[in-house]
Amino acid sequence: MIQVRFRLPDGSERRIGVAAGSTLLEASREAGVELEGACGGSMACATCHVRISDPWFDLVPPPSPEEEDMLDLAPDWQPTSRLGCQIRLDRQLDGIVVDVPVSSLLDY
């Protein structure tokens with residue numbers, strides 16, 4: 001199991017253990033973090049926008065050009081922004097900390 005810690009805009013946290021190979025979007029849903037993910041993870045929107053906390057950001061693979069294009073649509077983009085649907089979790093990311101911007105939540 002890969003441990004993921006989601007930090008929500010109100011300062012609360014949700015932690016979950018998920019199977020290796022899951023995406024951050026899938027993990028968020030299992031943890032009860034309601035990332036919108038309107039396109040269902042097909043990288044056709046930016047509604048699963050998250051920010052990867054240091055030092056974890058350097059451990060995730062770089063975004064593809066397509067993901068970078070979608071991130072341009074994220075309303076509160078930061079240098080550590082990524083699409084949750086594009087981050088596959090593996091042992092190297094066990095314990096990852098992810099900040100969830102308010103703009104990515106369904107009903108916050």
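The backbone nitrogen of Ala38 lies 2.8 Å from a polar atom of the side chain of Thr47. That pair is a polar contact, meaning N or O atoms within 3.5 Å; within protein, one must be able to donate a hydrogen and the other to accept it, and residues adjacent in sequence count only if both atoms are side-chain atoms. The Thr47 side chain also reaches the backbone nitrogen of Gly37, at 3.2 Å.

Before going on, a word on where this comes from: this is a predicted model, with local features needing pLDDT of at least 70 and side-chain atom pairs counting only at pLDDT 80 or more, while totals for chains, interfaces and linings use all residues. Residues are numbered from 1 along each chain as its sequence is written, and side-chain values use heavy atoms, with hydrogens and water left out.

**The overall picture**

What is the protein built from? It has two helices and five strands, and from the N terminus they run β-β-α-β-α-β-β. The radius of gyration is 12 Å, close to the 13 Å that the globule rule gives for 108 residues, so the protein is as compact as a globular protein of that length. Helices (H or I, at least four residues) and strands (E, at least two) are DSSP runs, numbered from the N terminus. The radius is taken over C-alpha atoms, and the globule rule is 2.2 Å times the number of residues to the power 0.38.

The C-alpha trace spans about 30 × 30 × 25 Å along its principal axes. Of the 108 residues, 44% count as buried; that means under 20% relative accessible area, with exposed over 50% and partly exposed in between (1.4 Å probe, protein chains only). The protein exposes about 5600 Å², and carbon and sulfur atoms supply 49% of that. Those areas come from the Shrake-Rupley method with a 1.4 Å probe; for residues, only the protein chains shown count as cover.

How far along the chain do contacts reach? Among contacts between residues at least 6 apart in sequence, 65% join residues at least 24 apart, where contact means heavy atoms within 4.5 Å.

As for charge, there are 9 positive and 18 negative side chains, and the centres of the two sets lie 7 Å apart. Lys and Arg count as positive and Asp and Glu as negative, leaving out His and the chain ends. Each charge is placed at NZ of Lys, CZ of Arg, CG of Asp or CD of Glu.

Val50 sits in strand E3 (residues 49–52). Is Val50 buried or exposed? At 0% relative accessibility, Val50 counts as buried. Leaving aside neighbours within four places in sequence, Val50 touches Leu24, Leu35, Thr80, Ser81, Arg82, Gly84, Val98, Asp99 and Pro101.

Back to Thr47, which belongs to the loop between helix H1 (24–30) and E3. Not counting residues up to four places away in sequence, Thr47 touches Leu35, Glu36, Gly37, Ala38 and Ser104.

Met43 is in the loop between H1 and E3, and has a phi near 60°, a positive value in a residue other than glycine. Met43 is buried, with a relative accessible area of 19%. Cys39 also lies in the loop between H1 and E3, but at 23% relative accessibility Cys39 counts as partly exposed. Beyond its neighbours within four places in sequence, Cys39 is in contact with Ala44 and Cys45.

Met70 is found in helix H2 and counts as buried at 18% relative accessibility. Which residues does Met70 contact, leaving aside neighbours within four places in sequence? They are Met43, Ala44, Cys45, Ala46 and Leu83.

Pro55 is in the loop between E3 and helix H2 (65–71). A cis peptide bond joins Asp54 and Pro55, with omega about 0°. Pro62 is in the loop between E3 and H2 too, and is exposed, with a relative accessible area of 70%.

Thr23 lies in the loop between strand E2 (13–18) and H1. Thr23 is buried at 6% relative accessible area, and leaving aside neighbours within four places in sequence, contacts Gly84, Cys85, Ile87, Arg88 and Leu89.

**Some C-alpha separations**

| Pair | Apart in sequence | C-alpha to C-alpha |
|---|---|---|
| Val50 and Arg7 | 43 residues | 10.0 Å |
| Pro62 and Ile87 | 25 residues | 9.6 Å |
| Cys39 and Leu59 | 20 residues | 26 Å |
| Met70 and Gly21 | 49 residues | 22 Å |
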